[in-house]
Amino acid sequence: MKRWLKWLVLVFLATELLLAGVFCCLEERFVYYPSKLDPSLPVEEQVLMHPAAQPFFFPSEDGRQLHGNLLQSGDFIDETTLPILFCHGNGGWIGVNREWIFFEPKKPAAEGKPKVPSRYAMFFFDYRAYGYSEGDRSELCEEKVYADARAARKFFAELCGKSEKEVILMGHSLGGGVAVELAQEGTPKLILFSTFDSVPSVAQHHCPVLPMAWLTRNQFHSAAKIRTLHVPLLQFHGTYDWTVPYDHGQRLFQNANEPKVWVELPRFGHQYGLGSFWLEILDDFLQKDFTEN
């Protein structure tokens, strides 16, 4: 009996080591799922996330050409416009994230037509190796994703004629972790959808047989970072989210400082569109002056 027990333990340990080795070698493939498009296409041939989107290429810190789409609710951006940078999740490209556009984008009016200022301007961008952005999947890692988001914020702020600290940050899933990272450098407001407390925590949930906290290189420790923030937070999470479990979103929210608003989405999963009720909550949050006593 002892001999069989010994063999069972050895087989279990060997299996653990094998699985750990496979995860360590392939971690980036578990964390990042980019959809790559052809960046050499002329602008007029590229697929936009919305007919009214304006495409742009801008440089990353290390010289990679990154791609983004600007959408605005009016004809021009002025001092009253609220600039919002959207950080998407770990899959696809910006083109599959149009459900997060919460206003009707408008093409700038033709010359001679009446023009109105934009209430909102949103900039959707792709990290390297996603969509039309340059780069290879092998380059993807936590620090590179952060750096690409910082480059997008810098470009967007200059495009709007605003400072980077005036840019509101919005993120879904992994992009929520990116938004939390950037928020440490200043933002008026933070909006998160289906965002986790940390990647190792979620990985442990999906793979309880391995010590994921020790194995995971891409950490995205949002719960620890959000404790240091003192900005208004609006957070959405679906109760049927099997990708980032509901309680992981709650842990992140519990670590955040006031003022903060939690929106529970009953029977919704990881991906969802912004329905009319949530649009009203989002619009109220963006327009509210939290500096008032």
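Of the 293 residues in this protein, 51% are buried, where buried means under 20% relative accessible area, exposed means over 50%, and partly exposed is in between, with a 1.4 Å probe and protein chains only. Before I go on, a word on where this comes from: this is a predicted model, so local features need pLDDT of at least 70 and side-chain atom pairs count only at pLDDT 80 or more, while totals for chains, interfaces and linings use all residues. Residues are numbered from 1 along each chain as its sequence is written, and side-chain values use heavy atoms, with hydrogens and water left out.

The protein has 8 helices and 10 strands; these are DSSP runs numbered from the N terminus, helices being H or I with at least four residues and strands being E with at least two. Now contacts, meaning heavy atoms within 4.5 Å. Taking those with a separation of 6 or more, 73% are between residues 24 or more positions apart.

Let's go inside. In soluble globular proteins, nonpolar side chains tend to be buried together. Here I call something a nonpolar core if it's a set of buried Ala, Val, Leu, Ile, Met, Phe, Trp, Tyr and Cys residues joined through side-chain atoms within 4.5 Å. The largest one has 46 residues, and those touching the most other members are Leu 85, Phe 123, Phe 125, Val 178, Leu 190 and Ile 226. Which helix gives the most to this core? That's H2, residues 142–160, with 9 residues. There's also a second, separate core of 28 residues, with Met 49, Trp 100, Phe 102 and Leu 286 among them.

Ignoring neighbours within four places in sequence, Phe 123 contacts, among others, Phe 56, Phe 58, Leu 85, Phe 86, Phe 155 and Phe 156.

A 1 Å grid goes over the protein atoms alone: a cavity is a set of points where a 1.4 Å probe fits but cannot get out, a pocket is an open set with protein on both sides within 12 Å along at least five of seven lines, and lining residues have an atom within 4 Å of a point. Points are joined across faces, edges and corners, and the volume is the space filled by probe spheres set on them. There's 1 cavity of 30 Å³ or more, and the largest cavity comes to about 40 Å³. Its lining is Leu 190, Ile 226, Leu 229, Val 231, Leu 233, Ala 256 and Asn 257. That splits into 6 nonpolar, 1 polar and no charged, counting Ala, Val, Leu, Ile, Met, Phe, Trp, Tyr, Cys and Pro as nonpolar, Asp, Glu, Lys and Arg as charged, and the others, Gly among them, as polar.

The second largest pocket is about 200 Å³. It has 14 lining residues, and the closest to its centre are Leu 82, Pro 83, Glu 166, Ile 168 and Pro 188. This lining has 5 nonpolar, 3 polar and 6 charged residues, with strand E4 (82–87) and helix H8 each supplying at least two.

Now some loops. Arg 64 is in the one between strands E2 (54–59) and E3 (65–72), and at 30% relative accessibility Arg 64 counts as partly exposed. What does the side chain of Glu 139 make a polar contact with? The side chain of Arg 64, at 2.5 Å; a polar contact is a pair of N or O atoms within 3.5 Å, and within protein one must be able to donate a hydrogen and the other to accept it, with residues adjacent in sequence counting only if both atoms are side-chain atoms. Glu 139 itself is in the loop between strand E6 (120–125) and H2.

That loop also holds Ala 129, with a positive phi of about 75° although it's not a glycine. Ala 129 is buried, at 4% relative accessible area. Arg 267 has a positive phi too, near 65°, but Arg 267 is exposed, at 64%.

Last stop: a cis peptide bond joins Glu 258 and Pro 259, with omega about 0°. You'll find Pro 259 in the loop between helix H7 (246–255) and strand E10 (260–265).
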